Amino acid sequence: MERECETETGRVSRQRSGRRAEEPDSERSPAFWRAQEMLLLQQVMALAGRKTDPGPALQEMLHLLSELLGLNRGRIVLLDAAGRHGEIRYAYGLTREEVSRGRYGLHEGITGRVLATGQLMVCQNIDRDPLFLGRMVARSRLPEGPVSFIAQPIRVAERTLGVLACHRIRRRPRPLADDLQMLKLLAAYAGQLLQLHAQMQARTESLRQQNRLLSRALASSASRYGIVGSSPRLLQAVTELEQVSDSTASVLLLGESGTGKELFARALHLASPRREAPFIKVNCAAIPETLFESELFGYEKGAFTGAQSLRQGSFEQADGGTLFLDEIGELPLAMQTKLLRTLQEGSITRLGGKSELAIDVRLVAATNRHLEEEVARGAFRQDLYYRLNVIPIRLPSLAERSGDIPALALHHLNRINQANQRNVHLTGGALERLQAYPWPGNIRELGNVIERMVLLTDRAALEAVDVERFLPGEQEMAAGAPGGGAAGGPLPGEGGGPFPGATATVADVRPYVPATSHSPEALCHALRRSGGNKTRAAQLLGLTPRQFSYRWNKLGLAD
């Protein structure tokens, strides 16, 4: 493209050329050309990094090649995204019409061959080389006498991006090798600029997509589901939830205990077309093994002693709506088989009944276990796992969304203040201390701590030092860690509370621990203290009887 204005570099070079014209012999000296080369490199490198767009720097580079070294009508041809065609993207000394004709297929002419092979090509005389197309510039516009054409590949990481090409007057007092060396350097420079620009564009597009994702999630008003927070991980989970809300596929909510699985299950129900139908929740960890079938599928009158009337099970109650099975990993193997059949057939049979009842239920399951490991050790059916794991959604732990802790703390604080007619509030330092705590029990633990503070404090404004004494101490954290609670260590209810006089309150808070949390010694110690009563032993450890029995059997302990 023709430049309509002259750069400062152009004026300097013209002034220098004018002075040298008075001394024609000096133009043939190597020192003159070295000075021109250094001036060109200095000016080109000064342009690097000024703008994110490489266009101005590359355009000026082609201008300086013409002004300082006499390599005219320079152009940079770049491959398209598919790598099948090249077209002129930057040029100097060419009209717009000429540039528009600069499109080449692979192996088409000299430029096309360089694009295809990545090898330098030099046409010594454009009038005698059959490969030279002469497509852009009419021969009448070129100087008389032999004209050369140089096409230098632009390569980055063994990949050809394009071609740096120009015309050269053969009868010039400058070695061809010097021009080739300079074009090689400038092609490498152009390649680095183009690669950097491509990387920045990719990064920018990635950020744009993330912003669109966050904006869409924010626009969805997650708070309308009762979900508090705006962290990217949380908004990602809400977005995935809304994307699958219209389908009937089973959803498996994964994540640590206390991350709000029931809230997300209800949000999925509210976002779905089933929002007007029932939402039924079942905690599989709270149902005795002998009652699972009647709870899920119901029973007929007279099915067993005490069955005085027909009772609908959870599946039948949720017909047309959503059934949420929390702690699905606690489901006994026998019930896993019946659940799988129900999901496959879309029908149930009440306990004591003979006829099948068709049901239409959207199933949402949740677990804090690694079901893949349960499947590997035979504690969970593989076919049921695949049936449930159609759409897995992982809920972030509170540690992964620590930026939401202040908003969550204030949410719980307002709720508990209203419920208990209190007016406790947290200072900025108190919120920062809450945000710094790891919260192994996630949102549930945060809510418990906030409630504890509201009920037990005698101050209206709580500072960081006040919050500190309500947080679990090191002994309680150790007991809640995997392998904690060994014989001889403090069990819940044995003291070790975070502040004097709060032992009974702390003991009422169940530790948030995985299935492998308690050692055999801790279980045996609790059982001895309870006189062999497993229910009482479970209470001492902050577990349900079913959770205690599961750990007892898993460790292979004899009764």
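Me: Which residue forms a salt bridge with arginine 233?
Reply: Glutamate 400 does, with the closest N and O atoms 3.3 Å apart. A salt bridge here is a side-chain nitrogen of Lys or Arg within 4 Å of a carboxyl oxygen of Asp or Glu. Before we go on: this is a predicted model, where local features need pLDDT of at least 70 and side-chain atom pairs count only at pLDDT 80 or more, while totals for chains, interfaces and linings use all residues. Residues are numbered from 1 along each chain as its sequence is written, and side-chain values use heavy atoms, with hydrogens and water left out.

Me: OK. Where do arginine 233 and glutamate 400 lie?
Reply: Arginine 233 lies in helix α7 and glutamate 400 in the loop between β15 and α14 (405–420), so the pair ties together parts that are 167 residues apart in sequence. Helices (H or I, at least four residues) and strands (E, at least two) are DSSP runs, numbered from the N terminus.

Me: And how accessible is arginine 233?
Reply: Arginine 233 is partly exposed, because its relative accessibility is 40%. Glutamate 400 is partly exposed too, at 31%. The cut-offs are under 20% relative accessible area for buried and over 50% for exposed, with partly exposed in between (1.4 Å probe, protein chains only).

Me: How many salt bridges does the structure hold?
Reply: It holds 25. One of them joins the side chains of aspartate 383 and arginine 381, at 2.6 Å from N to O. Some share partners: Arg34, Glu37, Arg168, Arg174, Asp178 and Asp179 are joined into one network that way.

Me: Switching to serine 245. Is it buried or exposed?
Reply: Buried, because its relative accessibility is 4%. Serine 245 is in the loop between α7 (232–243) and β7 (251–254).

Me: What does the side chain of serine 245 reach?
Reply: The backbone oxygen of alanine 271, at 3.4 Å. Leaving out residues up to four places away in sequence, serine 245 touches Leu268, Ala271, Ser272, Pro273 and Arg362. Touching, or contact, means heavy atoms within 4.5 Å.

Me: Now the sheet. What's the order of the five strands?
Reply: β8-β11-β14-β7-β15, in an open sheet with parallel pairing. β8 (279–283) and β15 (391–394) stand at the edges with a single partner strand each, so one side of each has no neighbour in the sheet. Two strands pair if DSSP finds at least two bridges between them.

Me: How many bridges do β8 and β11 pair over?
Reply: Five, in the parallel sense, with β11 covering residues 322–326. Isoleucine 280 stands opposite leucine 323 in β11.

Me: Last topic, the largest nonpolar core. Which residues touch the most other members?
Reply: Leu40, Met61, Ile76 and Leu164, out of 33 residues in that core. Helix α6 gives the most to this core, with nine residues. A nonpolar core is a set of buried Ala, Val, Leu, Ile, Met, Phe, Trp, Tyr and Cys residues joined through side-chain atoms within 4.5 Å.

Me: What does leucine 164 touch?
Reply: Among its contacts are Met61, Leu62, Ile76, Ile150 and Leu183, not counting residues up to four places away in sequence. There is also a second, separate core of 29 residues, including Val282, Leu323, Ile359 and Leu363.

Key: Polar contact = N/O pair within 3.5 Å; in protein donor to acceptor, adjacent residues only side chain to side chain.
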